[in-house]
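Biologist: Could you take me through one part of this model up close? I'd like the charged pairs first, then whatever surrounds the ligand.

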Amino acid sequence: MNISSAIFDRSAPDLDSCPDESLPEFAFIGRSNVGKSSLLNMLSGRKDLARVSTTPGHTKLINFFTMNKTWRLVDLPGYGFAQVARKDRSKFNRAVAEYLKLRTSLCCVFALIDSGLPPQKLDIEFVEWLISNSVPFVLVFTKIDAVAPATVQKNIEAFKECISPWFEKLPEIHTCSATMKHGRTELLTVIEKALIEAYAESGPLLDASETSAEDPPAAVRKVSNRPQGKRPNPARPW
Ligand code: GDP
(Lines give C-alpha, C1' and ligand atoms only; values in the text may rest on other atoms or scores of the structure.)
Protein backbone atom coordinates (compact mmCIF):
# COMPACT_ATOMS: atom_id res chain seq x y z
CA MET A 1 0.00 0.00 0.00
CA ASN A 2 1.26 3.43 -0.87
CA ILE A 3 0.44 6.35 1.37
CA SER A 4 -0.84 9.06 -0.92
CA SER A 5 -2.18 11.36 1.76
CA ALA A 6 -1.78 11.72 5.52
CA ILE A 7 -3.82 14.49 7.06
CA PHE A 8 -3.95 15.45 10.72
CA ASP A 9 -7.60 15.34 11.80
CA ARG A 10 -7.66 16.25 15.48
CA SER A 11 -6.36 15.66 18.99
CA ALA A 12 -9.00 14.25 21.31
CA PRO A 13 -8.84 14.42 25.12
CA ASP A 14 -11.60 11.82 25.54
CA LEU A 15 -13.83 9.41 23.64
CA ASP A 16 -16.56 11.97 23.06
CA SER A 17 -14.14 14.27 21.26
CA CYS A 18 -13.01 11.60 18.78
CA PRO A 19 -14.07 11.88 15.12
CA ASP A 20 -17.04 9.86 13.88
CA GLU A 21 -16.50 6.15 13.37
CA SER A 22 -16.86 6.18 9.60
CA LEU A 23 -13.31 4.99 8.90
CA PRO A 24 -11.40 1.93 10.12
CA GLU A 25 -8.73 2.83 12.66
CA PHE A 26 -5.30 1.46 13.47
CA ALA A 27 -3.86 2.60 16.77
CA PHE A 28 -0.23 2.71 17.87
CA ILE A 29 0.83 2.60 21.49
CA GLY A 30 3.87 1.79 23.56
CA ARG A 31 5.95 2.98 26.46
CA SER A 32 7.48 6.40 26.19
CA ASN A 33 10.65 6.34 24.05
CA VAL A 34 9.78 3.03 22.36
CA GLY A 35 10.21 4.68 18.95
CA LYS A 36 6.54 5.32 18.17
CA SER A 37 6.99 8.76 16.59
CA SER A 38 9.84 7.52 14.41
CA LEU A 39 7.78 4.52 13.33
CA LEU A 40 4.72 6.63 12.49
CA ASN A 41 6.85 8.97 10.41
CA MET A 42 8.38 5.99 8.60
CA LEU A 43 5.00 4.37 7.94
CA SER A 44 3.41 7.55 6.67
CA GLY A 45 6.46 8.56 4.67
CA ARG A 46 6.19 12.00 6.31
CA LYS A 47 9.12 13.37 8.27
CA ASP A 48 6.98 15.14 10.80
CA LEU A 49 3.65 13.31 10.93
CA ALA A 50 4.11 12.59 14.63
CA ARG A 51 5.38 16.10 15.37
CA VAL A 52 1.92 17.17 16.47
CA SER A 53 1.78 14.30 18.92
CA THR A 54 4.98 15.37 20.59
CA THR A 55 4.04 19.05 20.78
CA PRO A 56 3.56 20.06 24.42
CA GLY A 57 -0.09 19.73 25.27
CA HIS A 58 -0.71 17.01 22.70
CA THR A 59 1.32 14.18 24.23
CA LYS A 60 -1.55 13.04 26.43
CA LEU A 61 -4.18 13.32 23.71
CA ILE A 62 -5.43 10.80 21.19
CA ASN A 63 -4.18 12.05 17.83
CA PHE A 64 -6.03 11.13 14.63
CA PHE A 65 -4.62 11.20 11.10
CA THR A 66 -6.67 10.38 8.01
CA MET A 67 -4.67 8.24 5.62
CA ASN A 68 -5.43 7.88 1.91
CA LYS A 69 -8.87 9.26 2.80
CA THR A 70 -9.89 5.68 3.67
CA TRP A 71 -8.52 4.87 7.13
CA ARG A 72 -7.25 6.52 10.27
CA LEU A 73 -3.93 6.20 11.97
CA VAL A 74 -4.37 6.82 15.68
CA ASP A 75 -1.44 7.86 17.82
CA LEU A 76 -2.20 6.97 21.42
CA PRO A 77 -0.39 8.53 24.38
CA GLY A 78 2.54 6.49 25.61
CA TYR A 79 2.12 4.62 28.83
CA GLY A 80 4.61 4.44 31.66
CA PHE A 81 5.26 8.07 32.36
CA ALA A 82 6.58 7.74 35.89
CA GLN A 83 6.81 11.50 36.13
CA VAL A 84 3.13 12.12 35.46
CA ALA A 85 1.21 12.96 38.61
CA ARG A 86 -1.09 10.17 39.75
CA LYS A 87 -4.21 12.25 39.10
CA ASP A 88 -3.21 13.12 35.54
CA ARG A 89 -2.09 9.62 34.81
CA SER A 90 -5.41 8.07 35.72
CA LYS A 91 -7.14 10.70 33.59
CA PHE A 92 -5.17 9.99 30.48
CA ASN A 93 -5.33 6.25 31.10
CA ARG A 94 -9.10 6.46 31.21
CA ALA A 95 -9.30 8.15 27.82
CA VAL A 96 -7.03 5.54 26.26
CA ALA A 97 -8.80 2.67 28.02
CA GLU A 98 -12.18 3.89 26.83
CA TYR A 99 -10.91 4.35 23.31
CA LEU A 100 -9.48 0.82 23.23
CA LYS A 101 -12.51 -0.81 24.81
CA LEU A 102 -15.34 1.08 23.17
CA ARG A 103 -14.23 2.37 19.80
CA THR A 104 -16.08 0.18 17.31
CA SER A 105 -14.06 1.38 14.32
CA LEU A 106 -10.81 0.21 15.91
CA CYS A 107 -9.45 -2.57 13.69
CA CYS A 108 -6.15 -3.30 15.30
CA VAL A 109 -3.74 -2.00 17.91
CA PHE A 110 -0.04 -2.06 17.16
CA ALA A 111 1.52 -2.62 20.58
CA LEU A 112 5.11 -1.43 20.34
CA ILE A 113 7.83 -3.12 22.38
CA ASP A 114 11.50 -2.11 22.54
CA SER A 115 13.41 -5.07 21.07
CA GLY A 116 16.55 -4.08 22.96
CA LEU A 117 15.04 -4.80 26.35
CA PRO A 118 14.08 -8.01 28.13
CA PRO A 119 10.34 -8.27 28.87
CA GLN A 120 9.17 -5.23 30.84
CA LYS A 121 6.45 -5.52 33.46
CA LEU A 122 4.48 -2.59 32.04
CA ASP A 123 4.43 -4.08 28.54
CA ILE A 124 3.36 -7.50 29.78
CA GLU A 125 0.62 -5.92 31.89
CA PHE A 126 -0.57 -3.92 28.92
CA VAL A 127 -0.78 -7.05 26.73
CA GLU A 128 -2.70 -8.79 29.50
CA TRP A 129 -5.08 -5.84 29.64
CA LEU A 130 -5.60 -5.96 25.85
CA ILE A 131 -6.43 -9.64 26.04
CA SER A 132 -8.80 -9.29 28.96
CA ASN A 133 -10.65 -6.55 27.10
CA SER A 134 -10.74 -8.43 23.77
CA VAL A 135 -8.85 -5.72 21.93
CA PRO A 136 -7.38 -6.99 18.64
CA PHE A 137 -3.65 -6.36 18.47
CA VAL A 138 -0.32 -7.28 16.95
CA LEU A 139 3.07 -6.88 18.59
CA VAL A 140 5.78 -4.79 16.96
CA PHE A 141 9.33 -4.98 18.26
CA THR A 142 11.03 -1.68 17.53
CA LYS A 143 14.60 -0.46 16.99
CA ILE A 144 15.95 -3.83 15.91
CA ASP A 145 19.04 -2.14 14.50
CA ALA A 146 20.08 -0.91 17.93
CA VAL A 147 21.21 -4.25 19.34
CA ALA A 148 22.67 -7.49 17.96
CA PRO A 149 20.16 -9.71 16.09
CA ALA A 150 20.75 -12.48 18.65
CA THR A 151 19.71 -10.12 21.45
CA VAL A 152 16.57 -9.10 19.55
CA GLN A 153 15.70 -12.75 19.07
CA LYS A 154 16.36 -13.56 22.71
CA ASN A 155 14.17 -10.69 23.91
CA ILE A 156 11.34 -11.61 21.53
CA GLU A 157 11.46 -15.25 22.64
CA ALA A 158 11.44 -14.22 26.29
CA PHE A 159 8.46 -11.94 25.67
CA LYS A 160 6.60 -14.73 23.87
CA GLU A 161 7.24 -17.03 26.77
CA CYS A 162 5.82 -14.49 29.23
CA ILE A 163 2.56 -14.10 27.32
CA SER A 164 2.15 -17.62 25.92
CA PRO A 165 0.04 -18.89 28.85
CA TRP A 166 -2.73 -16.54 27.72
CA PHE A 167 -2.84 -17.76 24.14
CA GLU A 168 -3.66 -20.85 22.18
CA LYS A 169 -2.11 -19.11 19.22
CA LEU A 170 0.27 -16.21 19.81
CA PRO A 171 -0.55 -12.82 18.30
CA GLU A 172 1.21 -11.73 15.13
CA ILE A 173 4.72 -10.51 15.83
CA HIS A 174 6.52 -7.99 13.64
CA THR A 175 9.82 -6.19 13.85
CA CYS A 176 10.85 -2.77 12.66
CA SER A 177 13.61 -0.24 12.57
CA ALA A 178 12.80 3.33 11.67
CA THR A 179 16.52 3.98 11.31
CA MET A 180 17.00 1.19 8.75
CA LYS A 181 13.54 1.66 7.19
CA HIS A 182 12.77 -1.94 8.04
CA GLY A 183 9.22 -3.23 8.51
CA ARG A 184 7.31 -0.58 6.62
CA THR A 185 5.93 -2.83 3.89
CA GLU A 186 5.13 -5.57 6.39
CA LEU A 187 3.17 -3.29 8.72
CA LEU A 188 1.33 -1.55 5.91
CA THR A 189 0.37 -4.98 4.60
CA VAL A 190 -1.17 -5.83 7.99
CA ILE A 191 -3.26 -2.68 7.66
CA GLU A 192 -4.15 -3.34 4.04
CA LYS A 193 -5.36 -6.86 4.80
CA ALA A 194 -7.44 -5.67 7.74
CA LEU A 195 -8.92 -2.92 5.58
CA ILE A 196 -10.00 -5.42 2.98
CA GLU A 197 -11.69 -7.48 5.70
CA ALA A 198 -13.24 -4.44 7.34
CA TYR A 199 -14.69 -3.22 4.09
CA ALA A 200 -15.79 -6.66 2.94
CA GLU A 201 -18.96 -6.28 4.98
CA SER A 202 -21.99 -4.79 3.34
CA GLY A 203 -22.36 -1.15 2.47
CA PRO A 204 -22.05 1.16 -0.49
CA LEU A 205 -18.73 1.43 -2.23
CA LEU A 206 -16.76 4.55 -1.49
CA ASP A 207 -17.01 7.09 -4.29
CA ALA A 208 -14.16 6.89 -6.73
CA SER A 209 -13.35 10.47 -5.79
CA GLU A 210 -12.75 9.38 -2.21
CA THR A 211 -9.97 7.01 -3.14
CA SER A 212 -6.76 7.36 -5.06
CA ALA A 213 -5.06 5.00 -7.47
CA GLU A 214 -2.88 3.67 -4.65
CA ASP A 215 -5.71 3.14 -2.23
CA PRO A 216 -6.05 -0.39 -1.08
CA PRO A 217 -9.12 -2.40 -1.86
CA ALA A 218 -10.96 -2.00 -5.11
CA ALA A 219 -14.06 -3.07 -3.23
CA VAL A 220 -13.77 -0.58 -0.41
CA ARG A 221 -17.00 -0.21 1.52
CA LYS A 222 -18.03 2.24 4.16
CA VAL A 223 -17.61 0.88 7.67
CA SER A 224 -20.37 3.06 9.03
CA ASN A 225 -22.86 0.48 7.82
CA ARG A 226 -21.53 -1.98 10.32
CA PRO A 227 -23.90 -2.92 13.13
CA GLN A 228 -23.15 -0.74 16.14
CA GLY A 229 -20.87 -2.22 18.72
CA LYS A 230 -19.16 -4.67 16.39
CA ARG A 231 -15.49 -4.25 15.60
CA PRO A 232 -14.84 -4.11 11.87
CA ASN A 233 -12.16 -6.75 12.07
CA PRO A 234 -13.19 -9.59 14.33
CA ALA A 235 -10.04 -11.55 13.43
CA ARG A 236 -8.50 -11.48 16.86
CA PRO A 237 -4.87 -12.60 16.94
CA TRP A 238 -5.64 -15.23 19.54
P1 GDP B 1 8.55 7.80 21.16
O2 GDP B 1 8.81 8.52 22.45
O3 GDP B 1 8.02 6.44 21.39
O4 GDP B 1 7.74 8.59 20.17
O5 GDP B 1 10.00 7.55 20.51
P6 GDP B 1 10.80 8.34 19.40
O7 GDP B 1 10.37 7.98 18.03
O8 GDP B 1 10.82 9.80 19.75
O9 GDP B 1 12.23 7.72 19.61
C10 GDP B 1 12.86 7.68 20.89
C11 GDP B 1 14.36 7.57 20.68
O12 GDP B 1 14.66 6.35 20.02
C13 GDP B 1 14.93 8.68 19.79
O14 GDP B 1 16.21 9.01 20.27
C15 GDP B 1 15.02 8.03 18.42
O16 GDP B 1 16.03 8.59 17.62
C17 GDP B 1 15.33 6.59 18.78
N18 GDP B 1 14.81 5.66 17.78
C19 GDP B 1 13.55 5.61 17.30
N20 GDP B 1 13.42 4.62 16.38
C21 GDP B 1 14.65 4.05 16.29
C22 GDP B 1 15.17 2.95 15.51
O23 GDP B 1 14.49 2.31 14.69
N24 GDP B 1 16.49 2.63 15.70
C25 GDP B 1 17.27 3.30 16.59
N26 GDP B 1 18.54 2.91 16.72
N27 GDP B 1 16.82 4.33 17.33
C28 GDP B 1 15.52 4.70 17.19
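What relative accessible area does Glu157 have?

Modeller: Glu157 comes out at 36%, so it is partly exposed, where that label covers everything between buried (under 20% relative accessible area) and exposed (over 50%), using a 1.4 Å probe and protein chains only. Before going on, a caveat: this is a predicted model, so local features need pLDDT of at least 70 and side-chain atom pairs need 80 or more, while totals for chains, interfaces and linings use all residues. Residues are numbered from 1 along each chain as its sequence is written, and side-chain values use heavy atoms, with hydrogens and water left out.

Glu157 has a partner: it forms a salt bridge with Lys160, with 3.3 Å between the closest N and O atoms. The term means a side-chain nitrogen of Lys or Arg within 4 Å of a carboxyl oxygen of Asp or Glu. Both residues sit in helix α5 (149–163), three residues apart, which is about one turn of the helix; helices here are DSSP runs of H or I with at least four residues, strands are E runs with at least two, and both are numbered from the N terminus. Lys160 is partly exposed too, at 23%.

The whole structure holds nine salt bridges. Another of them joins Arg72 to Asp20, with the closest N and O atoms 3.6 Å apart. Arg72 belongs to strand β4 (71–75) and Asp20 to the loop between β1 (6–12) and β2 (25–30), so this pair ties together parts that are 52 residues apart in sequence. Arg72 is buried, at 5%. Asp9 and Arg10 also meet through their side chains, at 2.8 Å from N to O; Asp9 is partly exposed at 29%, and Arg10 is partly exposed at 33%.

Now the ligand. Residues around it (a heavy atom within 4 Å) include Asn33, Ser37, Lys143, Asp145 and Ala178. Polar contacts here are pairs of N or O atoms within 3.5 Å. An N or O atom in the Ser37 side chain is 2.5 Å from a ligand oxygen, a backbone N or O atom of Asn33 lies 2.9 Å from a ligand oxygen, and a polar backbone atom of Ala178 is 2.7 Å from a ligand oxygen. The protein covers 66% of the 570 Å² of accessible area that the ligand has on its own, by the Shrake-Rupley method with a 1.4 Å probe.

Definitions and conventions: A polar contact is a pair of N or O atoms within 3.5 Å; within protein, one must be able to donate a hydrogen and the other to accept it, and residues adjacent in sequence count only if both atoms are side-chain atoms.
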